[in-house]
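Here is a friendly walk through one protein model, written for someone who likes the cut-offs spelled out. Please keep the sequence and the 3D view open as you read.

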Amino acid sequence: MTTRSTRSPRRRTVVALGVVLAILAGFIVRLVDIQVVSAREHIEDSLVTALGSSRPLYGTRGAIVDETGQTLAGSILLYDAQLDPSNVGAIQRTKPDGTKEEVSWPEVAAEIGEVTGQTADEVQKVVADARASNPDSQYAPLKRGLTTEQYRTLADLGIPFLYFDPHPARTYPDGAVAGNLVGYMGRDGDALGGLEQVENSCLTATNGSMTYEKGKDGVVIPGTEVEKPAVDGGTLQLTINRDLQWYLQQLIAEQVQDEGAKSGTITVVEAKTGKIRAAAEFPTVDPNNVEASDPTDRGSRIFTNWFEPGSTFKPLTAATLIDTGAATPSSTVIASGKETFPNGARVGDSFQHPAYNYTLAGVLIDSSNVGISKFAERASPQTRYDYLKKFGIAEGSDIAFNGQISGSLRTPDKWDNQSYYNIAFGQGVATTIPELMGAYQAIANDGLKVPLSLVESCTKGDGTVVKPAQGETTQVVKESTAVAVQQMMENVSLQSTLAPQIAVPGYNIADKTGTGEIEDGHGGYKSGVYFTTMIGFAPAEDPQYVVAVTLNEPTRIKSSGANASAWQKAMTQVLKTYRVMPSTEAPTLLAKFGQ
């Protein structure tokens, strides 16, 4: 029989045992959690100790490709070679017959230098300098930026004290092709220009890491590796065509040099979509060798320069008059080669002629400043200003690009007596190539203005496709107005003095030239030099592509005739590249003079 006195000690023993078992169970649970359930977390925590180490896992920067997927900018691995001075010395090699041979350090240095482009003395000096600085040194940088081929050649030498650190680098397979658009990277991996910089958020990779523990002998302890994967950058697809871009860059380089100009551009826009298919410039930059280019040539003049458009504005003035009912292509004015207007303004044509009874179409064909000035009197300054703004003049573009500027168009209350007339033919106003291309795209697209674009999409590393936001389309003028202007510009191509030079066999074309004065930086204009432009579209009856050629200060031919041969070749190549069917309709001939 168990008495109360004997039950009490036994109960205490059981309780104490239970407590001990509970504590022991807690330790076991915690041990399992540490070593099994949360093992990876605790390995990561342990890597901050003295035995821990890590190395980066580099993500690959995204490629920049053209409309067909051809690479304009890509990434490769380069290797930085380094030596361990504490282990440098003669090495043992096995000969083909199986015998051993000893290769001295000077001989090894010569083998290394033959691959890296250094002399044997230079390689030995790297080690000597490192030892002089620190007798216990285990690190001496040898050569940065070795190619994969150089790396493999050195690795095959089997030199135990030679190590390599791989890192990503940028490469541009076609050199300067689209270099003005693509941009370039700095030596430290920072995006410094062009779309490399503008679209950096699309292209940038996120580096990962590999962390691990090492024993005292430097050997990685198995099972301690923890990998945080890198995330590659996205692929940036442009609207331009690489092959067309290459051809037009060669063409504009040749034209600039032949005409003795400072610089030049050729721009191609798809009329229905506003997509830029080429934006060629000379001089330009090779992103593989940026230092070889003058700093002023490392950007894009297409986006960062403005100019007075000259007579390329006349079709815009004509469109304004037709759209408001103030004139038709057959409306007439009497215009002489030079006239003084009632407000005192003086306007002259580029050639002397008696008083002609010009039609509006004839004014464009002969590019008469006096004639377009007289027609411009039929619309109020505010109306003319409003239409120019609708066409996009001085409005900039929707394209994001480094240093992009807008044109300059004063409000009507600031037009003086001369500006009242000059703006009608593109003097006293500044625009940019994207603005002018946008205005002509609207004319070519039956009055519907579609925002220009240069970037097609960004495909993220996970496959997500992101398209840039597009601005709204705008019906700038009625379709009938745009068609009327298209026909007048077609007649410019047929009846102007440059007609034989710009004809594209098999196609009806439409174009207009412009010769703009250049500011001298002191409130006046440079004497005897001009900024010349030729812009137009084809086929005239159903415009598909708009092409513009500009030259800055050509000296052989100083008028826009300097642009003619390049424009003809550029348009021919564009129509060929996109396999545009030849014209099947006869052009509509318009009268240059009234009855």
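The report below covers the ground rules, the disulfide, the strands, the aromatic rings and one serine.

## Ground rules

This is a predicted model, so please note the confidence limits: local features need pLDDT of at least 70, side-chain atom pairs count only at pLDDT 80 or more, and totals for chains, interfaces and linings use all residues. Residues are numbered from 1 along each chain as its sequence is written, and side-chain values use heavy atoms, with hydrogens and water left out.

Helices (H or I, at least four residues) and strands (E, at least two) are DSSP runs, numbered from the N terminus. Buried stands for under 20% relative accessible area, exposed for over 50%, and partly exposed for what lies in between (1.4 Å probe, protein chains only).

## The disulfide

A disulfide is taken as a pair of cysteine sulfur atoms within 2.5 Å, and by this rule the count comes to one. The bond joins Cys202 to Cys458, with 2.0 Å from S to S. Cys202 lies in helix α8 (residues 200–203) and Cys458 in strand β18 (residues 455–459), so the pair ties together parts that are 256 residues apart in sequence.

Which hand does the disulfide of Cys202 and Cys458 have? The torsion about the S-S bond is about 95 degrees, so the disulfide is right-handed. Both Cys202 and Cys458 are buried.

## Strand β3 and its partners

Strands of a sheet pair through backbone hydrogen bonds, either parallel or antiparallel. Here, two strands pair if DSSP finds at least two bridges between them. Strand β3 (residues 71–83) runs antiparallel to strand β2 (residues 64–65), and two bridges join them. One place to look is Ile64, whose bridge partner in β3 is Ala73. β2 and β3 form a hairpin with five residues between them, and Gly69 in the turn has a positive phi of about 90 degrees.

β3 also pairs with strand β7 (residues 162–171), in the antiparallel sense over 10 bridges; Gly74 has Thr171 as its bridge partner in β7. Strand β6 (residues 140–146) is joined to β3 by four bridges, again antiparallel.

## A five-stranded open sheet

Five strands form an open sheet in the order β12-β11-β23-β22-β21, with antiparallel pairing. β12 (276–282) and β21 (510–519) stand at the edges, each with a single partner strand, so one side of each is left without a neighbour in the sheet. The twist averages 10 degrees from one strand to the next; axes are lines fitted to C-alpha atoms, for helices over the stretch in contact, and angles run from 0 to 180 degrees between N-to-C directions.

Within the sheet, eight bridges join strand β22 (residues 525–538) to strand β23 (residues 545–552) in an antiparallel run. Thr533 has Thr550 as its bridge partner in β23. Helix α9 (residues 242–259) lies across β11 (263–270), β12 and β23, and runs at about 35 degrees to β12.

## Aromatic rings

Rings of Phe, Tyr and Trp (its six-membered ring) pair if their centres lie within 6.5 Å; planes under 30 degrees apart count as stacked, over 60 as edge-to-face and the rest as tilted. The structure holds 11 aromatic pairs. The rings of Tyr356 and Tyr358 have centres 5.5 Å apart and planes at 85 degrees, so the pair is edge-to-face. Tyr356 is partly exposed at 27% relative accessibility, whereas Tyr358 is buried at 0%. Tyr358 and Phe593 form a stacked pair, 5.5 Å centre to centre with 25 degrees between the planes. This pair links distant parts of the chain: Tyr358 is in strand β16 (residues 356–359) and Phe593 in the segment after α19 (564–577), 235 residues apart. Phe593 is partly exposed, with a relative accessible area of 34%.

Elsewhere, ring pairs link Tyr79, Tyr151 and Phe164 into a cluster. A charge sits over a ring if NZ of Lys or CZ of Arg is within 6 Å of the ring centre and within 35 degrees of the ring normal. The charged end of Arg384 sits over the ring of Tyr420, 5.3 Å from its centre, and that of Lys390 sits over the ring of Tyr387, 4.6 Å from its centre.

Ser373 belongs to helix α13 (residues 369–376). Is Ser373 buried or exposed? Ser373 counts as buried, at 0% relative accessibility. Contact means heavy atoms within 4.5 Å. Leaving aside its neighbours within four places in sequence, Ser373 is in contact with Phe341, Val347, Tyr421 and Phe425.
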